[in-house]
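Welcome! Please take a moment to look over the sequence and the 3D view, and then we will walk through them together.

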Amino acid sequence: MIHAISGDSYFLQQIVETKFTGSVHSVFKHALNIQSGVDGEIFTLATQAMDNAPNTLIINLDTLANLHISQNDRVSVMNDQLLIEDKLQLATKTATRWQCQLPIFPSDSTSLKINVITVKQFIDLHGKSGGMKSSHSPISEFEAETSRMLKLRTNLLREELVSQRFDQFQKYAVDLVGLGPGLTPSGDDFLVGLFTVIHLENSPCSIYQQLCESVINMIKPLTNDISYTTLKKAAYGQVRESIYSLVHAILYGTEVDSIQALKKVLAIGSSSGTDIALGLISGLEANIKLGGKR
Amino acid sequence: MSIKVVIKRNTYFDSVSLMSLSTKANQIEGVEQAIIGMGTEMNKGVIRNVGLMTPEVEEATAGDLMIIVKTANADQTESAYLAVEELLTNKNTAQAKSDIKYATIDSAAQGIPDANFAVISVNGAFAVREARKALENDLHVMLFSDNVSVEDEVELKTFAHEKGLLMMGPDCGTAIIGNTGLCFANAVRKGNIGIVAASGTGSQEVSVRVHDFGGGITQLIGTGGRDLSKEVGGIMMLDGIKALDADEATKVIVLVSKPPEASVEKKVLAQIKECSKPVVVYFIGGNEEAVVAAGGQFAKTSKEAALKAVLLAGIDEAGINKRALNLPLIEEVRAKLSPEQKYIRGLFCGGTLCDESMYIAMEKLDNVYSNIQKNPDFLLKDINVSQEHTFIDFGDDDFTNGKPHPMIDPSSRIERFLQEAKDPSVGVIVMDFVLGFGSHEDPVGVMLPAMIEAKQLAEKEGRHLEIIGYVLGTDLDTPRLEDQVKKLIDAGVTHASSSTNAGLLAREIVLKGENHE
């Protein structure tokens, strides 16, 4: 019997309380995306190698390939079970409910400062290049130019944050959306990390929360549906479990805790994990700076 | 310039696949630039900036996959695009194939009846069982795992020998089989030289030098580091020599190892006598007379081994750049060193590269210490503290216990490098940087800040610090050899063109007039 081990509360609620319908949007080895027939929102089924995430159910399989599910297959719900054509019948009743609850930004930032330095050094050494972290040997002019633009635009956004300016925040954030190689562009990943920090309770950067939400209203055509959903959730403080663990470790853990959590984030996608981590670090550095002013 | 653009509507590849495909596409012959990515407005902006915008690209949307191939002229465009398309197709096929997971070697052998080779990398406790199963299924084995007892190794190799199969390993980290690099290996030209090696980086170095001298490789058969011990008796090296002797494509055979145990060396040399093809023998610190008496070609260094092999393989000597030692540079550096700066510190990722430089130093210097010295008098008392001339193999178990190999994670070497660079008695620091499959994505880049910092510190203290760097790799490797070398040179590091030259340069610089060749 294929069943959901754990799942995002909102997704489980959709299955139980609504007549959820949709179609398969895209299929990978460890995840498949379903596009809701109602509002086009993306929901995900992921194998047990993946971590909990917004709009995602973790299922008791190692691979999805043997299911032979294809793009556009119909998705429906019957008796709390999610059905994809006659290829998958997924029981959801016993799934553990999960919801991202970001930690509170601490009043004492002593260990946070040490952890941020350690994490940055580890990313310098082990982070994946090709996105936010520029490669010393770019494979093409396209990669080199993308890195240049990412650096330029993230610097502008950082500057806006640490100067506590609001005028250009939306523009600089929007300019990053869709920029970069990969399924989730590097600019999007960076914003996911940054939005996470902005949504920490007591975060000195939380003054930008509403702007994050307004950015989401502008970017739907600028990136693909999968990345858009991830960004939209992050703009409301909902991120995957490994990102939560990293933030928590940096805020409240030791250097060892931080590196252990970072390794899991760096393993996301190709350069996505590195890009997300760098977004987090940018936000945390802005918080440290702004916190000091208070 | 000619550009071909194909837009695939609503097509999604995961990020890892997209990045890997882009890298491979940019390496296709004739391709000046290839872009495989999602058709977002921002990516289209980048494409505009690099001058590749076309009406088709303009129409792509965020959910579309864009494939853009730029070549120098129109004749090449279609074939280059087809090669990129083939990569995409292969990726899909490979994904489909890799989706089939086999729980056991038995089921894998049944599921893929054409397979004749198994690469095994599991915990040492299970490695013997899995290797035996593979051999029982008539598969040649490359066993990457270590922590296998010598008794088990002998049993596996004897069983393989009886079945006419290769049992490469345990602890076999390098092989090139059918032009495919396995575990740690470099991208080298296909040719007519076969290698049997009991040493990983030693065989990488010889294969890379062969490539540099214009030759190519048929097969590189690894034996595992313990094969030439008395207990194992060289079973795999003997079988490897026989296999290459029987291989029509192989015209010359090269043997690479640390010196074998005396009785095993006799067996190997006896096998050379039987061999119908010329055999070059590079046993570090080995005995020339015995090799020559057996009809072999003795090589004192890895560079000499490669050079002899390519000449025997028919490469025209006149066309070979032998990468002569830069003698004026030696004099120039000597003049910069103070009398106190007497010592070499060798910090290596590759064990055989460390060994080669150490043996070169030992030819003229008495006080050479290491964590891999055979002479117990010169074994470092504390591996974290250097003594006089010190050569460290960071790939040795002392440093890798519970940590990745320094070719993957060079962090332990960075720390030690900075420590050595502060020592005022140090004149020369020599290091290797290994490119190729399995290695760090930017081995020079990761050391660069430390090397610059060390140079600046020495300058502040009014002394010259000579850093010699050798990049083991070919022009076909990723990252690009040329870029890695440029980084070294730009940072003021002296680039050695081979492992041999790295050792010679270091030794000659600190000799300062004594025994100067």
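A residue counts as buried if 20 or more other C-beta atoms lie within 10 Å of its own, as exposed if 12 or fewer do, and as partly exposed in between, with the C-beta atoms placed from the backbone. This is a predicted model, in which local features need pLDDT of at least 70 and side-chain atom pairs count only at pLDDT 80 or more, while totals for chains, interfaces and linings use all residues. Residues are numbered from 1 along each chain as its sequence is written, and chains are lettered from A and ligands numbered from 1 in the order in which they are written.

**The two chains**

Helices (H or I, at least four residues) and strands (E, at least two) are DSSP runs, numbered from the N terminus. Here is how the chains are built:

Two residues are in contact if their C-beta atoms, placed from the backbone, lie within 7 Å. Among the contacts in chain A with a separation of 6 or more, 66% are between residues 24 or more positions apart. In chain B, 70% of the contacts between residues at least 6 apart in sequence join residues at least 24 apart.

The chains also touch each other: 34 residues of chain A are in contact with 36 residues of chain B. On the chain A side, helix α3 (residues 141-162) gives the largest share, 5 residues. That side of chain A divides into 13 nonpolar, 17 polar and 4 charged residues. Here Ala, Val, Leu, Ile, Met, Phe, Trp, Tyr, Cys and Pro count as nonpolar, Asp, Glu, Lys and Arg as charged, and the others, Gly among them, as polar.

Now find helix α18 (residues 481-490) of chain B, where Leu481(B), Gln484(B), Lys487(B) and Leu488(B) are buried. Seen down the axis of α18(B), these buried residues fall within an arc of 130 degrees (taken from the directions from the helix axis to the C-beta atoms), so they line one face of the helix. An α-helix has 3.6 residues a turn, so residues three or four places apart point the same way. Glu482(B), Ile489(B) and Asp490(B), on the other side of α18(B), are exposed. What do the buried residues of α18(B) pack against? Their partners in chain B are β17 (426-434), α17 (443-460), β18 (466-472) and β19 (494-496). After α18(B) comes Gly492(B), with a positive phi near 80 degrees.

**An enclosed strand**

Strand β3 (residues 65-71) of chain B is largely enclosed by the rest of the structure, because 7 of its 7 residues are buried. From β3(B), Leu65(B), Ile67(B), Val69(B) and Thr71(B) point one way, and Met66(B), Ile68(B) and Lys70(B) point the other way. Two strands pair if DSSP finds at least two bridges between them. Strand β1 (residues 2-8) of chain B runs antiparallel to β3(B), with 7 bridges joining them, and Val5(B) has Ile68(B) as its bridge partner. Strand β2 (residues 31-38) of chain B is also antiparallel to β3(B) and joined to it by 7 bridges; there, Met38(B) is partnered by Leu65(B).
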